[in-house]
Amino acid sequence: MNVEVKEEAVLDQLRKADPEFQRWEQEHRKLDDELMNFETHVYLTPEEEIERKRMQKLKLAAKDRMMEMVRRYKTGQA
C-alpha cells in the first residue's frame with residue numbers, strides 16, 4: 001500500500017470518527033473560502049492585507065493541527 005493511499009485512509013477514518021478533527025477541517029475549509037474572497041480584489045487595503053495574513057496563519061495552524069492528529073493516529077497515540 002503506498003503512502004498516499006494510507007494517508008487518505010487515515011484522513012477518512014479521522015473525518016468519520018474524530019469530532020476534533022472534523023472541527024479543525026471545517027475551520028480550515030472556512031478560512032480557505034474566506035481567503036478566496038481576497039483573490040477577487042485587484043488591490044487590498046492595508047487592513048485587508050493584515051486580515052488576509054491573519055487568516056493565512058490561522059489556516060496554516062489548523063492544517064498543522066490536523067497533520068499532528070494524523071501523525072498521532074498513525075503511531076497509535078490518538
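1. His28 counts as buried because its relative accessibility is 17%; buried means under 20% relative accessible area, exposed over 50%, and partly exposed in between (1.4 Å probe, protein chains only). The model is predicted, with local features needing pLDDT of at least 70 and side-chain atom pairs pLDDT 80 or more, while totals for chains, interfaces and linings use all residues. Residues are numbered from 1 along each chain as its sequence is written, and side-chain values use heavy atoms, without hydrogens and water.

2. Helix α2 (residues 19-39) holds His28; helices are DSSP runs (H or I, at least four residues), numbered from the N terminus. Residues up to four places away in sequence aside, His28 touches Lys59, Ala62, Lys63 and Met66, where contact means heavy atoms within 4.5 Å. His28 and Met66 lie 38 residues apart along the chain, and their C-alpha atoms are separated by 9.3 Å.

3. Met66 also belongs to the largest nonpolar core, whose 7 residues are Val10, Leu11, Leu14, Phe21, Met66, Met69 and Val70. Such a core is a set of buried Ala, Val, Leu, Ile, Met, Phe, Trp, Tyr and Cys residues joined through side-chain atoms within 4.5 Å. At least two of the core residues come from α1 (3-17), and at least two from α3 (46-74).

4. A second, separate core has 5 residues, including Leu35, Phe38, Leu44 and Met55. Arg52, in helix α3, is in contact with Leu35, Phe38 and Leu44, leaving aside neighbours within four places in sequence. Arg52 counts as buried, at 17% relative accessibility.
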